[in-house]
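Subject: Handover of a structure for your study

Dear colleague,

Please find below the structure that I am handing over to you.

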Amino acid sequence: MSLDHRPSVSAAIRATMLECNPHRKAMAARKVARDWRLGRLAFEFDVTMPDQPGRPDVPELLPPGRMPKRGKAGSERGRIALWHALAHIEFVAIDLALDMAGRFGAEMGEQFVSDFLAVAADEAMHFALLGRHLRALGSHYGAYPAHAGLWTAAHDTRHDVAARLAVVPMVLEARALDVTPATVERVRAQGDESGARILERILDDEIRHVRCGANHFADVAKRLDLVTADLWKSLVSRYFRGTLKPPFNDSARLAAGLSRDLYAGVA
Ligand SMILES: [Fe+2]
Ligand SMILES: [Fe+2]
């Protein structure tokens, strides 16, 4: 029997993942990260993580092929749809980071939990910033349909931390490093300076998230006595349903610890 009377970190994470209200989930994610940092939660894994996180009734989730066109890039509707799509990505990213810590924390250790709870807190902040921007544009999260596929990668890799790290931070989050600079340029050219600043801040944080994933992945490979690049390539070809396509943002990827010879061979 444990003499530790603090709540377990896994129970706190699970409760946050099950929260359906987006604002409350974002607040709860930041609170779990803070409570963990302050030593208020025990390193204990006495509950399992949910297969599906809680989510609100809206946005309606549609398969990628059924998503409505965003309209002309410069149109008001097209602009709002972009921010809505980004807000949805950050909303799902909160649960992705929480699930990483809560599902794999026991085998990966306290530093891993610290790292991914800090990521969850960042994602919650990103979601809050984008939600505020949407409201400034007269819209809100839930006003448009959203992409249904974002949790698929988590579900497919729920049994294997190496597969999860290979696909979620090192492929999906790394993809954000490639596409965000062009979005920043476009948004700035449209005169939306506050939007451009939000995206630049998110890009900085995402470089750290990818680096965090890549570092823990390298640790796992070492523990398994495997070559990092070989393990990554085999897991990506097995678990990632899309294709890795250039152009790559080589400098941001390098800053995140992904060398060109790692991903160039897979593309
Ligand atoms: Fe993010
Ligand atoms: Fe991220």
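The buried residues of H8 are covered by elements that include helix H5 (152-156), H6, H7 and helix H10 (260-264). Covering is judged here by contact, meaning heavy atoms within 4.5 Å. Helices (H or I, at least four residues) and strands (E, at least two) are DSSP runs, numbered from the N terminus.

This is a predicted model, in which local features need pLDDT of at least 70 and side-chain atom pairs count only at pLDDT 80 or more, while totals for chains, interfaces and linings use all residues. Residues are numbered from 1 along each chain as its sequence is written, chains are lettered from A and ligands numbered from 1 in the order in which they are written, and side-chain values use heavy atoms, with hydrogens and water left out.

Helix H8

The buried residues of H8 are Leu 231, Trp 232, Leu 235, Val 236 and Tyr 239. Buried means under 20% relative accessible area, exposed over 50%, and partly exposed in between (1.4 Å probe, protein chains only). Because they cover an arc of only 125° around the axis, they lie on the same side of H8; the arc is that of the directions from the helix axis to the C-beta atoms. The face turned away from this buried side carries the exposed residues Asp 230, Ser 237 and Arg 238.

The nonpolar core

Trp 232 is also one of the residues with the most contacts inside the largest nonpolar core, together with Ile 13, Leu 117 and Phe 217; this core has 81 residues. Helix H3 (residues 76-108) gives the largest share of the core, 15 residues. A nonpolar core is a set of buried Ala, Val, Leu, Ile, Met, Phe, Trp, Tyr and Cys residues joined through side-chain atoms within 4.5 Å. Apart from residues up to four places away in sequence, Ile 13 touches Val 32, Met 49, Leu 98, Ala 101, Gly 102 and Leu 117.

The two iron ions

Which residues coordinate the iron ion (ligand 1)? Its donors are Glu 90 (OE), Glu 90 (OE), Glu 123 (OE), His 126 (ND1) and Glu 206 (OE), at 2.0 to 2.7 Å. Donors are N, O and S atoms within 2.8 Å of the metal (3.2 Å for Na, K and Ca); water is not among the atoms, so sites may look incomplete. Glu 123 lies in helix H4 (residues 110-136) and Glu 206 in helix H7, so the pair ties together parts that are 83 residues apart in sequence. Both Glu 123 and Glu 206 are buried.

His 126 also lies in helix H4, and it counts as buried because its relative accessibility is 0%. Leaving aside neighbours within four places in sequence, His 126 is in contact with Glu 90, Ile 202, Asp 205, Glu 206 and His 209.

Glu 173, in helix H6 (residues 161-189), and His 209, in helix H7 (residues 193-223), are 36 residues apart and link distant parts of the chain. Glu 173 and His 209 are both buried. Glu 123 bridges the iron ion (ligand 2) and the iron ion (ligand 1), which lie 3.6 Å apart.

Yours sincerely
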